[in-house]
Amino acid sequence: MSNTLSAAHLQNEEAAYAYLEARVWPEGPVCPHCGGVERISKMQGKSTRIGTYKCYQCRKQFTVKVGTVFESSHVPLNVWLQAVALLTSSKKGFSSNQLSRILGVTLKTAWFMSHRIREAMRDDVLPPLGGAGKVVEADETYIGRMANSEPSPQRKGRPYVHPNRPARRRAVVSLVERGGKVRSFHVENADKATVTNIVNENIRRESRIHTDESRLYNDVKGTFAAHETVHHSSGEYARGDVNTNTVEGFFSVFKRGMIGVYQHCAEKNLHRYLSEFDFRYNNRVKLGVNDAMRADIALQGIVGKRLTYRTTARG
Ligand SMILES: [Zn+2]
C-alpha cells in the first residue's frame, strides 16, 4: 500500500498538478475559456492557488482542473490521484469505507470519488471481440441480493437476506476473448433472446464460441465459425481446448470482490462495478499494462468524460 502511494504526484499537490498538466496539455497549457494557447502565463504570486494560469487573450484565469470533475471537488488533487492509483491497482477493488480511511476523506466523499473513477473506467468504444482463429468464451453468473442489502449482525461480511423476502439474484453475462479482453453486461433477465443479442452484437462472426451446455446459447449455433460446448452437468470441464475456464476465472475475481468489498452495492450501481472489473482485466499486466499506465488510462477517462459532458451541456 505505502509503496503504491509513495510517488511524488500522490503525496504533493503541486506535483499532482504538474502530473495532470503533462497529460492533459502535452503541448502546453490551453485556455479552457477561449481556446487560446499563445499568451498564457503561470501565476506566481504567494497568494495564488496552485496551478493557476492567466490567459492574456481573454484575461481569464484557469487551472488544469477547469472542465473536469476535479473542478467541483474540494479534495486536493493528489488525494484524487491516490484514489485512482488504489482503485486501478487493486485486484478486488476498494470499498468506500476503506477508501475513506486511507484517503482521510468522509465516507460520502469516498463514495462520490470512487463512482466518478468507475465512470472513467467505462469503455464504450470497444470493437467487437474475437476474430478468425480466436476463441470467445461466454457465460452467465448470478450475484446474490443486491438492492436493500444490509450487513448481518450474525454473519459478518455476508449480505443480509430477510427470511420472508427471497433474495433477487442479479444476472451478469460476460464475454471473454481468450488472451484478450472481457465485456460484461448486467441483464434484467438472462433469457435466450437477451443472451443471443449480446453474443451477436459483441463478437465477430469468424470467432469460435465456447459455452457450457446451457440452452441459453442454442440460438448462437450457425452464426459463428463454431459453437462448442462443455457439459458441466456430466462432469466435463474441458475437451481439447474447449472450455470456459477463462470466463469462470473472471467471474471468480468479480464475485470475491463483490462479496468481500462491495456487498452493499445497489442494483442500479452494478454496471459501474462491472465497468471497474472489466477495466482492470482489460488493462492487465499480461496485456502489457503496468499499474502506472493503468492509472493514467483511468485518469484520461475522468478528464475526458467530464469535458464531453460540458460541451454537450453548453451546445
Ligand atoms: Zn483565454
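Tutor: Happy to, and we can go from the overall fold to the metal site.

Tutor: This is a predicted model, where local features need pLDDT of at least 70, side-chain atom pairs count only at pLDDT 80 or more, and totals for chains, interfaces and linings use all residues. Residues are numbered from 1 along each chain as its sequence is written, and side-chain values use heavy atoms, with hydrogens and water left out.

Student: How many helices and strands does the chain have?

Tutor: There are 9 helices and 10 strands, taken as DSSP runs (helices H or I, at least four residues; strands E, at least two) and numbered from the N terminus.

Student: And what percentage of the residues is buried?

Tutor: 46% of the 315 residues. Buried means under 20% relative accessible area, exposed over 50%, and partly exposed in between, using a 1.4 Å probe and protein chains only.

Student: Which residues touch the most other members of the largest nonpolar core?

Tutor: F70 and F254, in a core of 59 residues. Helix α3 (residues 77-89) gives the largest share of this core, 9 residues. A nonpolar core here is a set of buried Ala, Val, Leu, Ile, Met, Phe, Trp, Tyr and Cys residues joined through side-chain atoms within 4.5 Å.

Student: What does F70 touch?

Tutor: Leaving out residues up to four places away in sequence, F70 touches L20, K65, L77, W80, L299, I302 and V303. Contact means heavy atoms within 4.5 Å. There is also a second, separate core of 17 residues, with V136, A138, V173 and I198 among them.

Student: Switching topic, which residues are the protein donors of the zinc ion?

Tutor: C31, C34, C55 and C58, each through SG, at 2.3 to 2.4 Å from the zinc ion. Donors are N, O and S atoms within 2.8 Å of the metal (3.2 Å for Na, K and Ca); water is not among the atoms, so sites may look incomplete. In sequence the spacing is C-x2-C-x20-C-x2-C.

Student: Why is the arrangement tetrahedral?

Tutor: Because the 4 donor atoms subtend angles of 104 to 116° around the zinc ion, and four donors count as tetrahedral if all angles lie between 85 and 135 degrees.

Student: Is C31 buried or exposed?

Tutor: C31 is buried, at 2% relative accessibility, while C34 is partly exposed, with a relative accessible area of 34%.

Student: Last one: where is T63?

Tutor: T63 sits in the loop between β3 (61-62) and α3, and counts as buried at 10% relative accessibility. Beyond residues up to four places away in sequence, T63 touches Y17, W25, I50, G51 and T52.

Conventions: Four donors count as tetrahedral if all angles lie between 85 and 135 degrees; four count as square planar and six as octahedral if opposite donors are over 155 degrees apart and all others between 65 and 115; anything else is irregular.
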